[in-house]
Amino acid sequence: MRWEKPQANNIYLVSLDPSAGVGLDSAAIQVWRLPDMVQVAEWMHNRSDIAAQLKMVVQITSFIEREMRSHPAQISEPEIFWTFENNSYGQAVIELLNEAGWDVVPAQLLSEPNQTGSRFRKGLNTNGRTKNQAVTKLKSLVEGNRLQIKSKPLISELKNYVTKGGSFAAKSGEHDDLVSALSMIVRMSQLIARWDDNTASQIRNNDLVEVDDLVEPLPIAVSIW
């Protein structure tokens, strides 16, 4: 689902939360615009295999690049970034792109910052620590009305996303694939904020301290544009 066409001189983020594509959990793609954190497109499907999921990423990023380059107001190279969750089904993403070539996606890949003594791996890893940090930041952005969410399915998932055993997940019988893809958008925006002042200003927490532990369903309030 798409809500707007690409605009000139903005930054676009595309995240893929892959799945097996066998009818269980859905693969999910989120597309957001920086610096004002606007949701511009969303895709999810539970019957598309990894190759089809990557093809969708290529189609989305190619469309954004083409539209930005043809926009008369565009004054520089399009800034398009993408990433994917690299654990579990992310290994299949890595293997396919190793074969096809990483430049098949016309966007810059954002990966986990390399930690001393750890092996570099493309994409973003979702573990207990990174998930808690991303969801805490996501909660802060939602409560601060700094996200322009346009997807009703995403809002539904956010309302049913709760703490579970020291981590976060959907309530029993619900899904959180779109939220997982959104949490990667949040992590991408934090990486970009290191060099883009406008993004840093948009996502900066106005409180002195961000609470590390959530004890309630995620959204206090969600604004729809």
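Colleague: Let's start with a detail: what does the side chain of Asn-86 have 3.1 Å away?

Modeller: The backbone oxygen of Lys-122, which lies 3.1 Å from a polar atom of the Asn-86 side chain. Bear in mind that this is a predicted model.

Colleague: Noted. Where is Asn-86 in the fold?

Modeller: Asn-86 sits in the loop between strand 4 (79–84) and helix 2 (90–100).

Colleague: Is Asn-86 buried or exposed?

Modeller: Buried, with a relative accessible area of 1%.

Colleague: And which residues is Asn-86 in contact with, leaving aside neighbours within four places in sequence?

Modeller: There is a run of them from Arg-121 through Lys-122, Gly-123 and Leu-124 to Asn-125, plus Gln-91 and Ile-94.

Colleague: Which residue other than glycine has a positive phi near 55 degrees?

Modeller: That would be Asn-145, in the loop between helix 3 and helix 4. Asn-145 is partly exposed, at a relative accessible area of 43%.

Colleague: While we're on backbone geometry, where is there a cis peptide bond?

Modeller: Between Leu-34 and Pro-35, with omega about 10 degrees. Pro-35 belongs to the loop between strand 2 (27–34) and strand 3 (38–45).

Colleague: Let me step back. How many helices and strands does the protein have?

Modeller: Six helices and seven strands. Going from the N terminus, the order is β-β-β-α-β-α-β-α-α-β-β-α-α.

Colleague: What share of the residues is buried?

Modeller: 50% of the 225 residues in the protein. As for the surface, the accessible area is about 11100 Å², and carbon and sulfur atoms account for 49% of that.

Colleague: On to charges. How many salt bridges are there?

Modeller: The structure holds eight. One of them pairs Glu-4 with Lys-150, with 3.5 Å between the closest N and O atoms. Glu-4 is in the segment before strand 1 (11–17) and Lys-150 in the loop between helix 3 (128–143) and helix 4 (152–159), so this pair ties together parts 146 residues apart in sequence.

Colleague: Are Glu-4 and Lys-150 buried or exposed?

Modeller: Both are buried.

Colleague: Which residues are linked with Glu-4 and Lys-150 in a network of salt bridges?

Modeller: Arg-33 and Asp-36 are linked with them in that network.

Colleague: Nice. What about Lys-5: which residue forms a salt bridge with it?

Modeller: Glu-67, with the closest N and O atoms 3.3 Å apart. Since Glu-67 lies in helix 1 (residues 50–70) and Lys-5 in the segment before strand 1, the pair ties together parts that are 62 residues apart in sequence. Glu-67 counts as buried at 18% relative accessibility, whereas Lys-5 is partly exposed at 48%.

Colleague: Switching to helix packing, at what angle do helix 3 and helix 5 meet?

Modeller: About 85 degrees, with the axes 9 Å apart; helix 5 covers residues 177–192. That makes the two helices roughly perpendicular.

Colleague: Which side chains are we looking at there?

Modeller: On helix 3, the contact residues are Thr-130, Ala-134, Lys-137, Leu-138 and Leu-141. Helix 5 brings Val-179, Leu-182, Ser-183, Val-186, Arg-187 and Gln-190.

Colleague: Last one: where does Ala-107 sit?

Modeller: In the loop between helix 2 and strand 5 (108–109). Ala-107 is buried, with a relative accessible area of 19%. Leaving aside neighbours within four places in sequence, Ala-107 is in contact with Thr-61, Ile-80, Phe-81 and Trp-82.

Notes: Residues numbered from 1 in each chain as written. Predicted model: local features only at pLDDT ≥ 70, side-chain atom pairs only at ≥ 80, totals over all residues. Heavy atoms only, no water. Helix = DSSP H or I, 4+ residues; strand = E, 2+ residues; numbered from the N terminus. Buried < 20%, exposed > 50% of the residue type's maximum accessible area, 1.4 Å probe, protein only. Areas by Shrake-Rupley, 256 points an atom, 1.4 Å probe, with all protein chains shown as cover. Salt bridge = Lys/Arg side-chain N within 4 Å of Asp/Glu carboxyl O. Polar contact = N/O pair within 3.5 Å; in protein donor to acceptor, adjacent residues only side chain to side chain. Contact = heavy atoms within 4.5 Å. Axes fitted to C-alpha atoms, helices over the stretch in contact; angles between N-to-C directions. Parallel < 35°, antiparallel > 145°, perpendicular 65-115°, else oblique.
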